[in-house]
Amino acid sequence: MHEIDYVSLDADAECPVCGEKLANFETKSGPGAQVTLDFREVDSFYSRCTKCKSIIEFSLKDPVKAGDREKLTVDNYQKKSVIY
Ligand SMILES: [Zn+2]
């Protein structure tokens, strides 16, 4: 079974549905070893809004070269609410 990894995000991100500040980011794009990764290391991650319970998925808008990953900001990620 593939375990999740945790994602640290050094910027504020608000829920696009209700505006609540998001926290507790996780990803299924990492090694699945329950380690904490910087968000720039993964192509997608998500958070469940603590207020409205929406799942907010962040996915990289454009492909990025390995050496350019450190320049990414949260604005390089498309943010959308998804229903599972
Ligand atoms: Zn919300």
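I started at Lys61. With 12 C-beta neighbours inside 10 Å, Lys61 counts as exposed, because the cut-off for exposed is 12 or fewer. I placed Lys61 in the loop between β5 and β6. I then looked up its contacts beyond four places in sequence and found Asn76, Tyr77 and Gln78. Gln78 is 17 residues from Lys61 in sequence, yet the two C-alpha atoms are 5.6 Å apart.

**Model and confidence**

I noted that this is a predicted model. The mean pLDDT of the protein chain is 94. I also noted that 96% of its residues reach 70 or more. Which elements have the lowest and the highest mean pLDDT? Strand β6, residues 77–82, has the lowest, at 95. Strand β1, residues 5–8, has the highest, at 98.

**Overall build**

I counted the elements next. The protein chain has 6 strands and 0 helices. The pattern along the sequence reads β-β-β-β-β-β. The radius of gyration is 12 Å, close to the 12 Å that the globule rule gives for 84 residues, so the chain is as compact as a globular protein of that length. I took the box along the principal axes: the C-alpha atoms fill roughly 35 × 30 × 20 Å. Of the 84 residues, 20% are buried. Residues 24 or more positions apart account for 52% of them.

**β1 and its two partners**

I went to β1 and checked which way its side chains point. Asp5 and Val7 point to one face and are buried.

Which strands pair with β1? β2 runs antiparallel to β1, joined by 3 bridges. Within that pairing, Tyr6 has Glu26 as its bridge partner in β2. Strand β3, residues 36–38, pairs with β1 in the parallel sense, also over 3 bridges. There I found Ser8 opposite Asp38.

**The β4–β5 hairpin**

I moved on to β4 and β5. They pair in the antiparallel sense over 5 bridges. Ser47 has Ile56 in β5 as its bridge partner. The two strands form a hairpin with 6 residues between them.

**The core**

Which residues make up the largest nonpolar core? I listed 12 residues: Val7, Cys15, Leu22, Phe25, Phe39, Val42, Phe45, Tyr46, Cys49, Ile56, Phe58 and Tyr77. The elements that give two or more residues to this core are β4 (44–48) and β5 (55–60). Nonpolar side chains tend to be buried together in soluble globular proteins.

I followed one core member, Cys15. Leaving aside neighbours within four places in sequence, Cys15 is in contact with Glu20, Leu22, Cys49, Lys51, Cys52, Ser54 and Ile56. Leu22, Cys49 and Ile56 are also on the core list.

Most residues other than glycine have a negative phi. I looked up two residues with a positive value.

Asn24 has a phi of about 55° and is not a glycine. I found Asn24 in the loop between β1 and β2 (25–27). Is Asn24 buried or exposed? Asn24 is exposed, with 12 other C-beta atoms within 10 Å.

Lys53 has a positive phi of about 70° and is not a glycine either. I placed Lys53 in the loop between β4 and β5, in the turn of the hairpin. Lys53 has 10 C-beta neighbours inside 10 Å, so it counts as exposed.

**Lys79 in β6**

My last entry is on Lys79, in strand β6. How many C-beta neighbours does Lys79 have inside 10 Å? I noted 18, so Lys79 counts as partly exposed. Beyond four places in sequence, Lys79 touches Pro16, Ile56 and Phe58. Ile56 and Phe58 are both members of the core. I also checked Lys79 against Ser59. They are 20 residues apart in sequence, and 6.7 Å apart in space from C-alpha to C-alpha.

Key: Residues numbered from 1 in each chain as written. Predicted model: local features only at pLDDT ≥ 70, side-chain atom pairs only at ≥ 80, totals over all residues. pLDDT = per-residue confidence, 0-100. Helix = DSSP H or I, 4+ residues; strand = E, 2+ residues; numbered from the N terminus. Rg over C-alpha atoms; globule rule 2.2 N^0.38 Å. Contact = placed C-beta atoms within 7 Å. Core = buried A, V, L, I, M, F, W, Y, C linked by C-beta atoms within 7 Å. Pairing = 2+ DSSP bridges.
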